[in-house]
Amino acid sequence: MSIQCTIVPVTPYQQNCSIIKCESSGKAAIVDPGGDVERILEAVAKMGATVEKIILTHAHMDHCAAADGLRQQLSIPIEGPEQADTCWLEPVRAR
C-alpha cells in the first residue's frame with residue numbers, strides 16, 4: 001500500500017494541514033484543518049481523493065478551526081482529539 005500526503009498551509013499563519021490518501025483506494029483523511037476550507041477542498045480535488053474522515057491531533061484552534069465546517073460540508077466524522085482537549089472544541093462547535 002502506498003500513501004500520498006499533501007501539506008496545505010492554512011490561514012495567514014501558514015499552519016500545516018495534511019491530507020493523506022491511500023493511492024490504491026483513493027480514500028483520504030484531512031489532518032488538523034486549522035482554517036481555509038476552500039483551500040483544503042481544492043487540494044483534495046487536485047489529489048483526486050475521497051475524504052472519509054477528519055483527524056485532529058489536538059484541539060488548539062490552529063489545528064481544528066475548520067474541522068466542523070468540513071464535517072458538515074462533507075458529511076464525514078471527526079476523530080480525536082484526546083478527551084482532555086475537548087474543552088477547546090466548544091467555541092468551534094458554537095459557531
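**Burial, backbone and core**

Author: Ser 18 counts as buried because its relative accessibility is 19%, where buried means under 20% relative accessible area, exposed over 50%, and partly exposed in between (1.4 Å probe, protein chains only). This is a predicted model, in which local features need pLDDT of at least 70 and side-chain atom pairs count only at pLDDT 80 or more, while totals for chains, interfaces and linings use all residues. Residues are numbered from 1 along each chain as its sequence is written, and side-chain values use heavy atoms, with hydrogens and water left out.

Reader: Where is Ser 18 placed, and which residues is it in contact with, leaving aside neighbours within four places in sequence?

Author: Ser 18 lies in strand 2, residues 15-22; helices (H or I, at least four residues) and strands (E, at least two) are DSSP runs, numbered from the N terminus. Beyond those neighbours, Ser 18 is in contact (heavy atoms within 4.5 Å) with Cys 5, Thr 6, Ile 7, Ala 29, Ile 30 and Val 31.

Reader: On to the cysteines. How many disulfides does a search of the whole structure find?

Author: The search finds 0 disulfides, a disulfide being a pair of cysteine sulfur atoms within 2.5 Å.

Reader: Now the backbone. What is phi of Gln 14, and what is phi of Asp 32?

Author: For Gln 14, phi is near 60°, a positive value in a residue other than glycine. Phi of Asp 32 is also positive, near 55°. Most residues other than glycine have a negative phi.

Reader: Are they buried or exposed, or in between?

Author: Gln 14, in the loop between strand 1 (3-10) and strand 2, is partly exposed at 42%. Asp 32, in the loop between strand 3 (27-31) and helix 1 (37-47), is buried at 7%.

Reader: Finally, which residues of the largest nonpolar core touch the most other members?

Author: They are Val 8, Ile 19, Ile 30, Ile 40, Val 44 and Leu 70, out of 20 residues. A nonpolar core is a set of buried Ala, Val, Leu, Ile, Met, Phe, Trp, Tyr and Cys residues joined through side-chain atoms within 4.5 Å. Helix 1 gives the most to this core, with 5 residues.
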